[in-house]
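Work through the exercises below with the sequence and the structure open. Try each task before reading its solution.

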Amino acid sequence: TSVLVIGHNPGLEDLLATLTREQPKEASPVMTTAALAKLSFDTNNWVNVLENSGQLDDFKTPKILTGDDLD
């Protein structure tokens, strides 16, 4: 029921943009080094995970967590 995806940009930023209708406003670029995005879907079947079908539940970067500019 869960999956963890680890990767590099621009792939992860493109995936986030494809799966959700919203983009986090906290960071630019969105998926900085060590950024975490938690998505949820209204389905338990991976076949139904489609473009714009995800909800961005949470988004964190090291800068947000520590207040430091680690980028």
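Helices (H or I, at least four residues) and strands (E, at least two) are DSSP runs, numbered from the N terminus. The model is predicted, so local features need pLDDT of at least 70 and side-chain atom pairs count only at pLDDT 80 or more, while totals for chains, interfaces and linings use all residues. Residues are numbered from 1 along each chain as its sequence is written, and side-chain values use heavy atoms, with hydrogens and water left out.

**Exercise 1.** Find the cis peptide bond.

Solution. The bond joins Asn9 and Pro10, with omega about 5°. Pro10 belongs to the segment before helix 1.

**Exercise 2.** List the members of the largest nonpolar core.

Solution. Apply the criterion: a nonpolar core is a set of buried Ala, Val, Leu, Ile, Met, Phe, Trp, Tyr and Cys residues joined through side-chain atoms within 4.5 Å. The largest such core has seven residues: Leu12, Leu16, Val30, Met31, Ala35, Leu56 and Phe59. Helix 1 and strand 2 (54–60) are the elements that give two or more residues to this core. In soluble globular proteins, nonpolar side chains tend to be buried together.

**Exercise 3.** Search the whole structure for salt bridges.

Solution. The criterion is a side-chain nitrogen of Lys or Arg within 4 Å of a carboxyl oxygen of Asp or Glu. The search finds one salt bridge. Lys60 pairs with Asp58, and their closest N and O atoms are 3.1 Å apart. Lys60 is partly exposed, at 31% relative accessible area. Asp58 is also partly exposed, at 34%.

Key. Buried < 20%, exposed > 50% of the residue type's maximum accessible area, 1.4 Å probe, protein only.
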